[in-house]
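The exercises below are meant to be worked through with the sequence and the structure in view. Each one sets a task and then goes through a solution step by step.

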Amino acid sequence: MTRKIREYSDEEITVSFDLVRCIHAEECIHGLPKVFAKDKRPWVDPSQGSADEVAEVVERCPTGALTYHRHDGGPEEACPSDTTVMLGADGPLYIKGDVTVIGADGEIVFQGPRVALCRCGDSKHKPLCDGEHVEKGFADPGIVVKAPPAGEQASGPVTITMAAGGPLLMAGPYTVIAVDGTRAACAEKGALCRCGGSSTKPMCDGTHKAIGFRG
């Protein structure tokens, strides 16, 4: 996977921007417009805010397209102890936690606290969401189907493995959060749909086999 990374620095902090992972949620632009201004070049200017302000807004980026490294001795971003999988209406899986994503070949694709994974099946940068769901007209209300209600969430890292031509294989404790706020606890192991065709989204129901999903 070809990555396009841009860096913007001042004496206190460096902001990194991964163009592939950006789907224009615009949390940064609305959160700190004096630093993040899409109509300016460069569009990120960390010197216009404090390192604390910049770090706080960067951590709102739901895809992890924005990250930071501090030079002022301030804290770096920490991985949440609890992993959550938030469903985007007609969009991706927004995952927060101590997450590692592994390809079908065993190579680490991603490791960090924030990532958006494709669930429409059409991303050109699988497993990462690249916004293709908008172009393809993917439709799903983001409701949890066939999952037990959430109780007290267990903590711990989660590993997500891409099954060749199949789902995202989850290993570790996580909670799915629907668009309406409903929370569903998931076991230490599970499979989330990434072909876009499951009738039990976000859970896999084996439809990827019937439709010949390739990923």
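## Exercise 1: The pockets

Sort the residues that line the largest pocket by class, and then find which of them lie nearest its centre.

Solution. By class, the lining of the largest pocket is made up of 12 nonpolar, two polar and five charged residues. The model examined here is a predicted one, and in this model the largest pocket has a volume of about 320 Å³. Its lining counts 19 residues, and those nearest the centre are Phe17, Cys22, His24, Ile29 and Trp43. The largest share of this lining, three residues, is given by α1.

## Exercise 2: The aromatic cluster

Which residues form the aromatic cluster, and how is each pair of rings arranged?

Solution. Begin with the count, which comes to two aromatic pairs. In one of them, Phe17 and Trp43 are arranged edge-to-face, with 5.0 Å from centre to centre and 75° between the planes; an angle over 60 degrees is what places a pair in that class. This pair links distant parts of the chain, since Phe17 belongs to strand β2 whereas Trp43 lies in the loop between α1 and α2, 26 residues apart.

Next, consider how accessible these two residues are. Phe17 counts as buried because its relative accessibility is 10%, and Trp43 is likewise buried, with a relative accessible area of 14%. The other pair joins Phe36 and Trp43, whose ring centres are 5.9 Å apart and whose planes stand at 50°, so this pair is tilted. Phe36 is buried, as is Trp43. Taken together, Phe17, Phe36 and Trp43 form one aromatic cluster.

## Exercise 3: Backbone details

Is His24 buried or exposed, and what value does its phi take?

Solution. His24 is placed in the loop between β2 and α1, and its phi is near 65°, a positive value in a residue other than glycine. The relative accessible area of His24 is 62%, so this residue is exposed. Asp90, in the loop between β4 and β5, also has a positive phi, near 60°, but at 35% relative accessibility Asp90 counts as partly exposed.

The cis peptide bonds make a further step. One of them runs from Lys126 to Pro127, with omega near 5°, and Pro127 lies in the loop between β6 and α3 (132-136). Another joins Lys201 and Pro202, with omega about 5°, and Pro202 is found in the loop between β11 (189-192) and α4 (207-211).

## Exercise 4: The whole chain

How compact is the protein for its length?

Solution. The protein has four helices and 11 strands. Its radius of gyration is 18 Å, close to the 17 Å that the globule rule gives for 215 residues, so the protein is as compact as a globular protein of that length. Its C-alpha trace spans about 50 × 40 × 35 Å along the principal axes, and 48% of the 215 residues count as buried.

How values were computed: Residues numbered from 1 in each chain as written. Predicted model: local features only at pLDDT ≥ 70, side-chain atom pairs only at ≥ 80, totals over all residues. Heavy atoms only, no water. 1 Å grid on protein atoms, 1.4 Å probe; cavity = no way out; pocket = protein on both sides within 12 Å on 5 of 7 lines; lining within 4 Å. Points joined across faces, edges and corners; volume = space filled by probe spheres on them. Helix = DSSP H or I, 4+ residues; strand = E, 2+ residues; numbered from the N terminus. Nonpolar A, V, L, I, M, F, W, Y, C, P; charged D, E, K, R; others polar. Phe/Tyr/Trp six-rings, centres within 6.5 Å; stacked < 30°, edge-to-face > 60°. Buried < 20%, exposed > 50% of the residue type's maximum accessible area, 1.4 Å probe, protein only. Rg over C-alpha atoms; globule rule 2.2 N^0.38 Å.
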